[in-house]
Each structure stands twice: as structure tokens, then as C-alpha cells.
Amino acid sequence: MHDYDLLVVGSANADLVIGVERRPGAGETVLGSDLVVHPGGKGANQAVAAARLGARTALLARVGDDTHGRLLLDSQRRAGVDTVGVLVGGAPTGVALITVDPSGDNSIVVSPGANALLAPGDVRAAASLFQASRVVSVQLEIPLETVVEVVRSLAEGSRFVLNASPPRPLPPEVLAVCDPLIVNEHEARVILGDACVGAGPADWARILLAKGPRSVVVTLGAEGALVVSDEGLSKVPGVPVTAVDTTGAGDAFTAALAYRLGAGAPLAGAAAYAARVGAAAVTRRGAQESSPSGAEVDGL
Ligand code: ADP
């Protein structure tokens, strides 16, 4: 018996957003809208998305002892995430400074802050969370050595899901346990480099699988996703919706996939559910605020 359907190990950031008529160039100052602060970071977003769907979820992350850290802890608790694994202090909470122009184009500066201090020792100290969790989900906004320690800490029989975002080269030890490795089109291109020239998403999925993961999911925005394992490749169709804001779609998709896999769903079935969750998330603004409840997804 597991206490948690999902343990998310990852980043927690405060997103500081200012609307501008025009994003400033070098040496330039522009006036913008009032500042809006949202809880964000891929780890925090995934944990909230999973808990909203009904998953018993824990988050292992690090925030600063500051107002942004408290904002993040509050949003996790409101969603029903167990924050026993959220460490506090050592550096300011991670921040993303975001300017958005009227066309929706943005410029973002990320200060990792406390996320950069989430260390392998923190993972070892959280051994009881790993023992209690059916599925462990990780993204790449925390140090790579911490991701490696997560892989070494997995309990017998638990499943590891990795969203390679932001993309970077991964050691064979990490790739070998991904079930699945999840990438969007941009991340697939970065990881594959020259290998994706002249090839399409189905080829990318197969080439990524050949690098060692047990399974691979390539998300394709409105087009849905591709799923590949040694049982073959299948296409998960997109769910037609009117997209308003695609921020956080990948986080909601990954959280939903990890949750359904933990419930025993086959990969293609879990991805079909996740595609409904991702579609619901793009119909509303925001990253965490936009992620749907289980009942909303069932109604889609
Ligand atoms: P990311 O957010 O990481 O860039 P994607 O854009 O591929 O990833 O979105 C993740 C998933 O969310 C997609 O696989 C799809 O299921 C869903 N999704 C994203 N955009 C849309 C859209 N415009 N319409 C319907 N579903 C979408």
C-alpha cells in the first residue's frame, strides 16, 4: 500500500509578470502594468495539477524563507499537496521575471535561487517519501546530480517519469529508467540535435527510445502526442478546444500521465487521459490556476 500516488521532485518559482507595450531593448527602460505574482515552477505546477485531479501527491522541493516561498507553500496546500517534503531556506525562492507584450510574446529571466540548492543529500533524507510513492516524477529545473540521486533512490517497483524540460543531455543511468521520457517538439529537437534533421516526430520518438528509455512520449501541442515503447508506436489525437493560454499545458499533461500510470493504466490510455487534461488546461489562463479537476476532465 502506497501513501502517495505521486511524488514530484522539482522546482518551485514565483512568476513575476508585467505586461508591456514593447519589451525593452539593451539599455532601455519601459513602463509596464501592475506586477502580478503567480506560483509557478515546473515541479510545483505538476504537483498542483496532479492533486487537483485527485492524486495523493507529495512535493520534494526547496523554497526560500520569504514571501514567495510562503505563496508557493500556500498554493500547494490549497490544492491538497502534502508539503512535508518542501524544504525552506538557504537562498531566496526561485523567481521568473516575465515581461509580456500585447501579441503574447514574452521575455523571461529565471533566477533559480533555492531550486539550485535542492541537493542529492535532500533526496537521501527524503527516503521515506520515495518508499511511500507509486510514481516519481521529475523535470530538469533542479541540479542534474539531484536528478541522478532521485533515480538511485527509487523504491523497488516504483515508476519514474521524466519531463526533460528545460532540455539538456542526460546520463545513460537516468535515461535507462525513464518510463516514459516526456518531451515536447522543441525539447526533442534540442536533445536530438542533428539526428532530427529531415525526420518527423514519429522518427524522433523512435530515435529517443533507442537512447535507452523504457518508453517515450512526444507531446505535439494541439495535435496531441505520440507514444512509443517496445510494444510499438501509437498516436494520441489532440482534443479540440479553443486555446486561450498554453502555459502549463506540458506540466498538466505530465502530472496527469504520471497519475494514471500509477493507477495501473497502460501508457497509451494514460496519455489519452493526459491529452484531455492538457486540452482543458489551455482553455484558461495561468499555469497552476488553469489545471482542471478530475470532474472537469471527465466532462470533456
Ligand atoms: P508544452 O506545454 O510542454 O510545450 P505541448 O504544447 O505539447 O507541451 O502541450 C502538452 C499537451 O497539452 C499536448 O500533448 C496536448 O495534449 C495538450 N495541448 C497543448 N496545446 C493544446 C491545444 N492548443 N489544444 C488541445 N490540446 C493542447
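**Entry 1: Arg-62.** I first looked up how covered Arg-62 is, and I count this residue as buried because its relative accessible area is 14%, where buried means under 20%, exposed over 50% and partly exposed in between, with a 1.4 Å probe and protein chains only. I keep in mind that this is a predicted model, in which local features need pLDDT of at least 70, side-chain atom pairs count only at pLDDT 80 or more, and totals for chains, interfaces and linings use all residues. Residues are numbered from 1 along each chain as its sequence is written, and side-chain values use heavy atoms, with hydrogens and water left out.

I then listed what Arg-62 touches, taking contact as heavy atoms within 4.5 Å, and, not counting residues up to four places away in sequence, I found Leu-87, Val-88, Gly-89, Ala-114, Asn-115, Leu-117, Leu-118 and Asp-122. For polar contacts I used N or O pairs within 3.5 Å; within protein, one atom must be able to donate a hydrogen and the other to accept it, and residues adjacent in sequence count only if both atoms are side-chain atoms. The side chain of Arg-62 reaches the backbone oxygen of Gly-89 at 3.1 Å, and a polar atom of that side chain lies 3.5 Å from the backbone oxygen of Leu-117.

**Entry 2: the sheet that holds Arg-62.** Which strand contains Arg-62? I found Arg-62 in strand E4, with strands (E, at least two residues) and helices (H or I, at least four) taken as DSSP runs numbered from the N terminus. Strand E4 (residues 57-63) runs parallel to E5 and is joined to it by three bridges, and the bridge partner of Arg-62 in E5 is Leu-87. Two strands pair if DSSP finds at least two bridges between them. The open sheet has nine strands in the order E5-E4-E1-E8-E9-E10-E11-E12-E13, with mixed pairing, and its edge strands, each pairing on one side only, are E5 (86-88) and E13 (232-237).

Helix H1 (residues 42-53) lies across E1, E4, E8 and E9 and runs at about 160° to E4. Helix H10 (residues 267-282) touches E10, E11, E12 and E13, and its direction makes about 20° with that of E13.

**Entry 3: the other sheet.** I also traced an open sheet of four strands with the order E3-E2-E6-E7 and mixed pairing. Strand E2 (residues 13-19) pairs with E3 in the antiparallel sense over five bridges, and Leu-16 stands opposite Val-37 in E3.

**Entry 4: helix H5.** Seven of the 10 residues of H5 (residues 144-153) are buried, among them Thr-146, Glu-149 and Ser-153, and their cover includes E1, E8, E9 and helix H3 (120-125).

**Entry 5: the ligand.** How many residues surround the ligand? I found 16, the closest being Asn-184, Thr-219, Gly-221, Gly-224 and Gly-250, where a residue is near if one of its heavy atoms lies within 4 Å. A polar side-chain atom of Asn-184 lies 2.9 Å from a ligand oxygen atom, while a polar backbone atom of Gly-221 is also 2.9 Å from an oxygen atom of the ligand. H10 gives the largest share of the shell around the ligand, four residues.

Definitions and conventions: Axes fitted to C-alpha atoms, helices over the stretch in contact; angles between N-to-C directions.
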